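Q: I have a model on screen and want to read it feature by feature. Where do we begin?

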Amino acid sequence: MTDIVKKNTHAQLIIGDNTYELPILKGAEGDKAIDISRLLKDTGFTTYDVGSKNSASCSSSITYLNGDKGILRYRGYDIEDLAEKCLFIEVAYLLLHNKLPNREELEEFRTLLEEYALLHEDMIHFFDHFPPNASPMSILSVMVNTLHNYYPEMGDDPLLNINNTASRLISKIRTIAAFSYKKSIGHPLVYPRNDLSYCGNFLNMMFDTPVRPYTVQPEVVAAMNKLLILHADHEQNCSTSAVRLVGSSGGNLYASISAGINALWGPLHGGANEAVIQMLEAIYHDGADYKKYIAKAKDKNDPFRLSGFGHRVYKTYDPRGTIIKKACDGILNVLNVSDPLLEIAKTLEEIVRNDDYFINRNLYPNVDFYSGIIYRAIGIPTNMFTVMFALGRLPGWISQWKEMREDPATKIHRPRQVYTGEPARIFAPLGERL
Ligand code: CMC
């Protein structure tokens, strides 16, 4: 782990007759940043950067992402290796502890996850009070926030119990997600079973019924395991920034993660996996009229975008998308599933990649473009896709929250603005207003 390095070089900022020297910082992989932390104090100016397109909000040693080369690494390990060779819980451990677990450490972690799998029985009544068509993302966010009331040990010294709390959250989020699904279809809840793996346990809670026992298939477990790993962290994306933002005010871990879940829900972020399937279905039912959807996506007066394409950081193929696309055919074959949406997706990608509009803007398929095809094949309903993303992203969120709280440089997140409203006005009492 390398600390952020202050180079002896400076950038010069000239404002009128004054020249200011701004230190240049360098990260472990050569990423460069201009340190403007004294800018306001020294110059009276803020910077203007809508959507933080050009701003690093923190330094972090968790995930490295190179958007031009399509590189993604967790704690220095290539995503390709982790997705191929690891269990999701090994990757969760890696993110949390900056070390792949040895056998003993993995067993300890597994034992904690098993110990924490049950939900407090009183919490189960909460599920009765959501309407049957409630979004599972809203339920997830509420229930995760509520965990704080039942397991308040984070209160006194949030970092003291972080390992237990992290394990508790990583274990219980599966139970919450599966219970919300069971409630939505009116089926009896299926409790967690410690003889099953992390993913196997979730799948069993989702699909087992008293009349048709579910058989956990290794291929399905492997597919889910891979998808969770691919979603486990992605540096300072929208939901992770939300987690850090809430945590920066001293907010507890559960509240911070709940905020992350809400940020993830949006269709420009994690909600894109659901939006992709809706878009592919629409194209399919429209007689594969690709031209119509491509034209809509290019039309600046139409808010429609091609879901699953484009990324703030990747200007090439998203490496997660490459792995998922490759896995799609294999998984569908093994499960003997034929999904017409896979052909629609492949054709759409082919068209997009030969179209100047998308080429000139570096718009490639992202992680969400093919993931839904796999979720469908393993039986996950479309409205649960973003919940699956949240299950995967959770260890990343927790690791980022922990890193932020341990970092003495952390400040409450409080950006500035450029005010564009009314100038000062004279107040008129109610009777005198026009
Ligand atoms: N379809 C059509 N045009 C697009 C798309 C798209 N999917 N994405 C970007 N563009 C255009 C955009 O209109 C703009 O064009 P112009 O330069 O003419 O104004 C240009 O490309 C740059 O787009 P931007 O909105 O400035 O880029 P951004 O970095 O702010 O947004 C994004 C990134 C992911 C929100 C965006 O690409 C998008 O809306 N994609 C579709 C939603 C999606 O798939 N989201 C999942 C992202 S990956 C997983 C995750 O983070 O959750």
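This is a predicted model: local features need pLDDT of at least 70, side-chain atom pairs count only at pLDDT 80 or more; totals for chains, interfaces and linings use all residues.

A: Begin with a definition: a salt bridge is a side-chain nitrogen of Lys or Arg within 4 Å of a carboxyl oxygen of Asp or Glu. Residues are numbered from 1 along each chain as its sequence is written, and side-chain values use heavy atoms, with hydrogens and water left out.

Q: How many salt bridges does the structure hold?

A: The count is 19. One of them joins the side chains of Glu-29 and Arg-73, at 3.1 Å from N to O. This pair links distant parts of the chain, 44 residues apart. Glu-29 sits in the loop between strand E2 (18-26) and strand E3 (32-34), and Arg-73 lies in strand E5.

Q: How do I read those strand labels, and how is pairing decided?

A: Helices (H or I, at least four residues) and strands (E, at least two) are DSSP runs, numbered from the N terminus. Two strands pair if DSSP finds at least two bridges between them. Strands of a sheet pair through backbone hydrogen bonds, either parallel or antiparallel. Here E2 and E3 run antiparallel, joined by three bridges. Lys-26 stands opposite Lys-32 of E3. Five residues separate the two strands of this hairpin, and Gly-30 takes a positive phi near 90°.

Q: Which strands make up the open sheet, and in what order?

A: The order is E4-E5-E6, three strands with antiparallel pairing. Strand E4 (63-66) and strand E6 (77-78) are the edges, each pairing on one side only.

Q: What holds E4 to E5?

A: Four bridges, in the antiparallel sense. Asn-66 has Ile-71 in E5 as its bridge partner. The two strands form a hairpin with four residues between them, and Gly-70 in the turn has a positive phi of about 70°.

Q: How many bridges join E5 to E6?

A: Two bridges join E6 to strand E5 (residues 71-74), again antiparallel. Tyr-74 is partnered by Tyr-77 in E6. This hairpin has two residues between its strands, and Arg-75 takes a positive phi near 50°.

Q: How is the chain divided into domains?

A: Domain bounds come from an automatic or database domain assignment. Domain 1 covers 5-56 and domain 2 covers 82-411. Their C-alpha centres lie 35 Å apart.

Q: Which residues come nearest to the ligand?

A: A residue is near a molecule if one of its heavy atoms lies within 4 Å of it. There are 23 residues around the ligand, and Leu-268, His-269, Leu-306, Gly-308 and Arg-312 come nearest.

Q: How much of the ligand does the protein cover?

A: Accessible areas come from the Shrake-Rupley method with a 1.4 Å probe. On its own the ligand has 930 Å² of accessible area, and the protein covers 77% of that.
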